[in-house]
Amino acid sequence: MKRYTCSGCSLLCDDIIVQSDGIFISEVIGACLKGKERFDQVSAKNRITSPMIRKNGELIEVSWDEAMNSIVEIIKKSNKPLLYGFSNVTCEAQEAGMKLARQINGFIDSNASICQGKFLSKAKSLGINFTTITEIINKGDLIILWGANPAETIPRLLNKLLFSRGKFRMTGREIKTLAIIDPVKTASFGVMGVRDLALMVEPNKDIELIRMLKEECCSADSIPSEGVAGIDKSDLKRLLLHLTGAENGVIVLGQGVIQPHSDYNLVEELLDLLQLINERQEKGRISLMLLGGHFNMAGFDHVALSTYGVSGHLEFKGNQLIKTKEGFVSKIENDNFDCSIIVGTDPISHLPHSLSSKIAKKPLILIDNHITATSHIAEVVLPTSITGIENSGLAYRLDQVPIELSKIINPPNNVPSDEELLNQLYSLLKQGGSE
Ligand code: SF4
């Protein structure tokens, strides 16, 4: 039995005990249900183990040579390829994807751009701190979940943040206050104790709450007697007291806060509030933690920054990086792409229909290890191994800490890793045809 890191979500728990003879996995100890599902994917019914091409409307298994040549043909006809996904692959595969994008003069972006990436660049420009899991365990006294439900999305996160005893928090849970701001009573409310704050904000009223908190930070006693956004005055006062008095507080931001709004920018307003609180904080500070779900959602920005000097999406023309105001969503909205290469994600299920229908109209190449809604419309599907089980590599945990993932067993049919496959495609396209 050996200890491995789980790649089931962005928490990358490094305490999973696995029994394996190098061919099969016979036992997994310590993983949550989501982590167990990750290990079950090895032999799942919807696993893809051979390349496929769409012929007469149906996906047919073909040889690797035929599939690769078909991709070369699609890309040769393309002037504006769109590469997307890259949150469920290693940093090495992300780097290979960027190299491929440069070679074919494409636009490359990750799932983070419609998720945590919005906060990342803005928070960096404002100088707001991101914190780590270790720091919260050792020094945290206030944890605010805002639009986040880790009990279901990152199942072991609250165990670590809330219940672990730390160097300066020997009493553990007893000294840590949990506040949850959410319009829905999620599973995370289940861990609340009597000292905690359950704040059921009315749907789409987060902005009113943020603006009131900002105002209250500047002029005391401006909270209306009837409360704000469905939260009563005494709870709001307690929230303010915690926000301005915490020694080491963290706001954990989830998908609920990230949804776009046409008439205001919630991300900006929330980060302004944080900056205001930290300016006025005398003894402590509030920092941020972003809840990206995919196991390496944080990695793409690190790789783009270290390789090309910019974080977020990249666009290439003449095999050079160019400045672009476009993002993944605007590229699709404006039909500014003519084929897509999707890596390790399922945009047909995840994106709004207005966007997914546009992606479905152009040739789509899918690199993934299991059948999804996206594989049902793909022209070519290429299988890869499951990272953290069938191949190794680097990933960034949700708190931006790099973690090495190990290989436990060989993949079926010797399918390549995402990194190997993307590098093969790069070499093939550089030569202009079959290797
Ligand atoms: S919380 Fe995430 S990383 Fe940890 S065991 Fe569960 S799925 Fe795996």
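The structure is a predicted model, in which local features need pLDDT of at least 70, side-chain atom pairs count only at pLDDT 80 or more, and totals for chains, interfaces and linings use all residues. Residues are numbered from 1 along each chain as its sequence is written.

The domain assignment gives two entries. Domain 1 covers 48–113 + 297–393 + 406–431, and domain 2 covers 117–290. The bounds come from an automatic or database domain assignment. The centres of domain 1 and domain 2, taken over C-alpha atoms, are separated by 35 Å.

The ligand is surrounded by 13 residues. A residue is near a molecule or strand if its C-beta atom, placed from the backbone, lies within 6 Å of it. The closest residues are Cys6, Gly8, Cys9, Cys13 and Gly35. By class, the shell holds nine nonpolar, two polar and two charged residues. Here Ala, Val, Leu, Ile, Met, Phe, Trp, Tyr, Cys and Pro count as nonpolar, Asp, Glu, Lys and Arg as charged, and the others, Gly among them, as polar.

Secondary structure follows DSSP. Helices (H or I, at least four residues) and strands (E, at least two) are DSSP runs, numbered from the N terminus. Two strands pair if DSSP finds at least two bridges between them.

β1 and strand β2 (residues 16–20) run antiparallel and are joined by three bridges. Within this pair, tyrosine 4 stands opposite isoleucine 16.

A second open sheet contains nine strands. Their order is β5-β4-β17-β16-β15-β6-β7-β13-β14, with mixed pairing. β5 and β14 (320–322) form the edges, and each pairs on one side only. Neighbouring strands of this sheet are turned by 25° against each other on average, direction ignored.

Methionine 52 stands opposite glutamate 61. Isoleucine 53 has isoleucine 60 as its bridge partner. Lysine 55 stands opposite glutamate 58. The hairpin of β4 and β5 has two residues between the strands, and asparagine 56 takes a positive phi near 50° there. β4 also pairs with strand β17 (residues 380–383), again in the antiparallel sense, over two bridges. In this pairing, methionine 52 has valine 381 as its bridge partner.

Helix packing was examined next. Two packed helices are described by the angle between their axes and the distance between the axes. Axes are lines fitted to C-alpha atoms, for helices over the stretch in contact, and angles run from 0 to 180 degrees between N-to-C directions. Angles under 35 degrees count as roughly parallel, over 145 as roughly antiparallel, 65 to 115 as roughly perpendicular and the rest as oblique. A crossing is left-handed if the near helix is turned anticlockwise from the far one by less than a right angle, and right-handed if clockwise.

The axes of helix α2 (residues 64–76) and helix α16 (residues 418–431) come within 10 Å and cross at roughly 60°. α2 is therefore oblique to α16. The crossing of α2 and α16 is right-handed.

Helix α3 (residues 91–103) packs on helix α12 (residues 299–308) at an angle of about 55°, with the axes 9 Å apart. α3 is therefore oblique to α12. This crossing of α3 and α12 is right-handed.

α3 also packs against α16. Their axes come within 8 Å and cross at roughly 20°. α3 is therefore roughly parallel to α16. α3 passes α16 in a left-handed crossing.
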